[in-house]
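Okay, thanks for coming, everyone.

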Amino acid sequence: CIIGERMGQKREQEANEIFTFMTIVLLVLSVAFTAVGILFLKPICIFLGSSERLMEHVVPYAFVIFLGSVPMSFKLFFEYLVRTDGRSYIGMIMSLTGLAFNIVFDYIFVAIFGLGTLGAAWGTFLSITVSMLIGFIYFLKYSHIRFCRPKADGSVLLKSCTNGSSEMLTEMSTGITTFLFNLIIMQYFGEDGVAAVTIIMYIYYFFIAFYMGIAVAAAPIISYNYGSENHDKIREITRYSFITIAISSVLILTVSLVFGKQIIHLFVGNGNVFTLTWDGLKLFSPVFLFIGLNVFLSGYFTALGNGFISALISSMRSLILVAVFILILPKLIGVAGVWMTMPLAEAVTIFIAVYLYRTYGKSFMQENSRAMSLMIFCKTLTKKRPSSTTSFFVMALSCHGSIYNSCGDIFRYS
């Protein structure tokens, strides 16, 4: 958002300085995260629920994954910024190349060498590294955003952290909600129930990647054009996004219900786990009608630089309402309440998100006054970037890692 804003204002050198500064900060933080993770590897695994029986598999896997913190951080960093640079197809190449190598490396290390979970970890590590290197080479030689002498700026770093707080909350809440789902479902169906939750979550993350692709595609266009004060382009990209989300929501819901059994069979054969998963998926699938708009509007406010509202939407849909419903609904309607938790959380959030969009997300365009938006709800920085419809849809196709990871996981299960 910040880099796109500077580029929209034609302040390219300042954008380059911020890019280089954030690259150094990201490197330091990811190396520190890796060091802490490896140093406290076993206590972390125990804290996250690993038993002694599983420890021989969990510890080696976690060790390799912690080693992958640096390439994973820069893979995501470069994938976002190639869109800001106007080369969305590079992001798609990075994702598809990583996916292909993930499948190849999994086959080599798991099927041929028989390394099991350790082989799967190395497959993930190496495929992510390949994707990261593609992005690194692009920014080293071909991009408009270039490495240069950095200029340290604490305000930019703080703005970046606060503006990205919604994405942080989303990722953090994933672990918390998954833990709550497993805890509740264990009371009803034991280990088979946990397996069913896991499969449904894989399906969920696969489909949500389409919505994330739309949000990620729109964000740099919005931020760039806000910087250049091209409000018509923001209206245009927002309209395309709403239409795309509406159509894809109906299609994804249809696919999950019509082909749900076939999708589940990619993970498990007939039996109790299959029955539990199919019963759960039928109640869970309506989530796809609501989640797309919530994800987009959260990303929309991030692109405007309004991290507070973005974080509010994100925390409501992925943490607060989920925690409330999953603790209450099963007591009222039994196990069906577990599967209905996320659809209801997204449905309630959509009313909040639409209200915030109509109240704060359009005021700067309607009143043609940036100051009005800045005073109402933390600073609302919204920039825009010229882009054709075709470019938008190419950017949307280069979805982020959920499809990448889900396809690799489906291959391993198969």
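Let's start at one spot: Ile214, which sits in helix α9, residues 165–227. Helices here, by the way, are DSSP runs of H or I with at least four residues, strands are runs of E with at least two, and both are numbered from the N terminus. Is Ile214 buried or exposed? It's buried, with a relative accessible area of 4%; buried means under 20%, exposed means over 50%, and partly exposed is in between, using a 1.4 Å probe on protein chains only.

Quick housekeeping. This is a predicted model, where local features need pLDDT of at least 70 and side-chain atom pairs count only at pLDDT 80 or more, while totals for chains, interfaces and linings use all residues. Residues are numbered from 1 along each chain as its sequence is written, and side-chain values use heavy atoms, leaving out hydrogens and water.

Now the overview. The protein chain has 19 helices and zero strands. It has 414 residues, and 51% of them count as buried. If you take contacts (heavy atoms within 4.5 Å) between residues at least 6 apart in sequence, 80% join residues at least 24 apart.

So what's in the largest nonpolar core? It has 40 residues, and those with the most contacts inside it are Phe181, Ile203, Tyr204 and Met342. A core here is a set of buried Ala, Val, Leu, Ile, Met, Phe, Trp, Tyr and Cys residues joined through side-chain atoms within 4.5 Å. At least two residues each come from α9, α11 (260–265), α12 (272–284), α13 (287–303), α14 (307–333) and α15 (336–361), and α9 gives the most, with 16. Look at Phe181: leaving aside residues up to four places away in sequence, it touches Val197, Met201, Val322, Ile326, Val338, Thr341 and Met342.

On to helix pairs. Helix α2 (residues 12–39) and helix α5 (residues 69–84) have axes that come within 8 Å and cross at roughly 155°. Axes are lines fitted to C-alpha atoms, for helices over the stretch in contact, with angles from 0 to 180 degrees between N-to-C directions. α2 and α5 are therefore roughly antiparallel; that label is for angles over 145 degrees, with under 35 roughly parallel, 65 to 115 roughly perpendicular and the rest oblique. Their contact has 11 nonpolar, five polar and no charged residues. For those classes, Ala, Val, Leu, Ile, Met, Phe, Trp, Tyr, Cys and Pro are nonpolar, Asp, Glu, Lys and Arg are charged, and the others, Gly among them, are polar.

α5 also meets helix α7 (residues 116–141): the axes come within 8 Å and cross at roughly 45°. That makes α5 oblique to α7. On the α5 side, the residues in this contact include Pro71, Met72 and Lys75, and the contact divides into 12 nonpolar, three polar and one charged.

Last pair: the axes of α13 and α14 come within 7 Å and cross at roughly 155°. That makes α13 roughly antiparallel to α14. Their contact has six nonpolar, six polar and one charged residue.
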